Amino acid sequence: MSLLVKNASQVVVVCAQKQKFLKSQDIAQQFIVLESTSVAIDESGIITHIGPLQEITSTTPESQFEKIIDASNKCIIPGLVDGHTHAVWAGDRVHEFALKLKGASYMEIHKAGGGIGFTVDKTRAASEEVLLDLYLQRLKLMLQNGTTLVESKSGYGLDTKTELKMLRVIEKAKSLQPIDISSTFCGAHSVPKGMSESDATHDVIENQIPAVVEAMKNNEISVDSIDVFCEKGVFETESSKQILLTGKEEGMMINFHAEELNYIGGVEMGASIGATAISHLEEISDEGVQQMASSNAIAVILPTTAHILKLKHPPVKKMLEKGVIVALGTDFNPNAYCVSMLTVMNLACIMFRMSMEESLVAATLNAAASVGKSDMHGSIEVGKWGDLVLFDAPRWEHIIYQMNASEIISHVIKKGKVVFSK
């Protein structure tokens with residue numbers, strides 16, 4: 001056997017019946033915290049036992065484990081899952097933060113040539129090697145904050161050449177560091193300078209997606225999902241639908257931005273075409289909430305963006321009450337520079353009145369479901385990957401309650417290997 005983590009004060013397994021997700025009404029019945037518990041992980045990184053130490057050692061003596069961690073006075077949660085990031089880019093936008101503090105809106109900055117357009121210029125100019133180095137630095141910080149699975153988008157190229165460059169960077173990073181990565185093609189992140197929405201839609205459908213598919217067939221990249229910024233003045237609902245369906249026809253899951261700044265019916269459109277996940281949702285309608293609940297499209301909520309841009313809060317409490325599956329993400333990007341799902345969970349509780357149980361489920365099992373990976377990620381269950389976060393606290397809630405909770409993390413374990421420790 002590979003690893004034994006023994007005698008933890010509390011182990012939040014999240015669930016124990018291989019659930020793919022948990023809705024709010026399920027959490028009260030199915031959210032599980034075990035006391036005085038140990039976890040065994042085999043050589044392949046799979047959890048084999050969860051329970052009292054004597055139960056594990058009765059079949060596998062401690063001498064047979066390659067490594068033992070005494071988790072007395074520690075708590076354990078599943079490795080965190082970041083459901084939405086834009087982490088491959090060059091050029092920060094700290095100057096825009098100052099503009100926002102003076103009252104400039106996101107779209108005002110965008111129309112003046114800042115925002116996504118600024119980052120596109122810097123990313124196009126950067127080499128693949130530079131982008132990879134920056135990306136790896138960011139992933140390292142995410143790992144230190146307990147993230148073991150991350151969704152990662154392209155989208156700062158807006159042309160075939162740069163979008164492929166970003167996707168290759170994501171692909172290379174998969175083998176160079178421990179975090180598992182779910183890759184998303186987001187060539188429709190913005191309308192490029194000099195193009196109309198119609199021109200940009202045509203380019204994504206006729207040029208970018210075929211090039212991505214060809215690169216996938218040649219095993220240069222692996223892409224799980226397709227994304228589009230479905231927004232008034234960017235890609236309207238019909239253009240977004242065309243792009244998303246084209247990606248779906250090529251085997252990509254639909255996982256896109258909608259209803260962030262304006263209501264344009266993007267959620268209803270997404271639910272009608274089988275979206276796996278829809279992000280932001282500050283301006284979602286009551287009908288959109290109902291359709292997400294009925295279709296089991298996962299709401300990926302991004303507290304950092306609503307906080308930084310001073311947006312109206314998405315109606316998270318209503319979503320939870322109506323049966324929408326809620327996940328969380330950092331939305332890490334030059335506009336919302338946050339690598340920590342710990343911070344996101346804290347903000348979600350304070351800003352949206354999520355319970356700590358709801359927040360942790362949203363940052364583990366449900367976020368994994370939003371990228372189609374909750375079969376092996378997002379909970380501590382026999383048969384799943386041994387992805388664990390250990391921290392020094394008397395109760396598990398401290399990982400959300402403490403605003404600088406990364407300071408109490410003692411170990412991050414990925415597939416049974418200690419990949420970060422203090």
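This is a predicted model: local features need pLDDT of at least 70, side-chain atom pairs count only at pLDDT 80 or more; totals for chains, interfaces and linings use all residues.
When the lining of the largest cavity is divided by class, seven residues are polar, four are nonpolar and three are charged. The second largest cavity, for its part, has a volume of about 40 Å³. Its lining is formed by P78, G79 and T148, together with M376, H377, G378, S379, W385 and D387; by class, these residues of the second largest cavity divide into five polar, three nonpolar and one charged.

Among the pockets, which are open, the largest has a volume of about 220 Å³, and of the 13 residues that line it, G117, S190, V191, P192 and K193 are the closest to its centre. Helix α5, which spans residues 116–125, gives the most to the lining of this largest pocket, contributing five residues. The lining of the largest pocket as a whole has five nonpolar, five polar and three charged residues.

The packing of one pair of helices was also examined. Two packed helices are described by the angle between their axes and the distance between the axes. For helix α7 (residues 160–174) and helix α8 (residues 197–217), the angle is about 35° and the axes lie 10 Å apart, while the crossing of α7 and α8 is right-handed. On the side of α7, the contact is made by T160, E163, L164 and L167, and on the side of α8 by N207, Q208, A211, V212 and A215. Divided by class, the contact of α7 with α8 has five nonpolar residues, three polar residues and one charged residue.

Aromatic side chains were then considered as pairs of rings, and the count comes to four aromatic pairs. One of these is formed by W89 and Y337, whose rings are arranged edge-to-face, with 6.0 Å from centre to centre and 85° between the planes. This pair links distant parts of the chain, since its two members are 248 residues apart: W89 is located in the loop between β6 (80–82) and α3 (94–101), whereas Y337 is located in the loop between β13 (326–328) and α14 (341–352).

How values were computed
Residues are numbered from 1 along each chain as its sequence is written. Side-chain values use heavy atoms; hydrogens and water are left out. Ala, Val, Leu, Ile, Met, Phe, Trp, Tyr, Cys and Pro count as nonpolar, Asp, Glu, Lys and Arg as charged, and the others, Gly among them, as polar. On a 1 Å grid over the protein atoms alone, a cavity is a set of points where a 1.4 Å probe fits but cannot get out, and a pocket is an open set with protein on both sides within 12 Å along at least five of seven lines; lining residues have an atom within 4 Å of a point. Grid points are joined across faces, edges and corners, and a volume is the space filled by probe spheres set on the points. Axes are lines fitted to C-alpha atoms, for helices over the stretch in contact, and angles run from 0 to 180 degrees between N-to-C directions. Helices (H or I, at least four residues) and strands (E, at least two) are DSSP runs, numbered from the N terminus. A crossing is left-handed if the near helix is turned anticlockwise from the far one by less than a right angle, and right-handed if clockwise. Contact means heavy atoms within 4.5 Å. Rings of Phe, Tyr and Trp (its six-membered ring) pair if their centres lie within 6.5 Å; planes under 30 degrees apart count as stacked, over 60 as edge-to-face and the rest as tilted.
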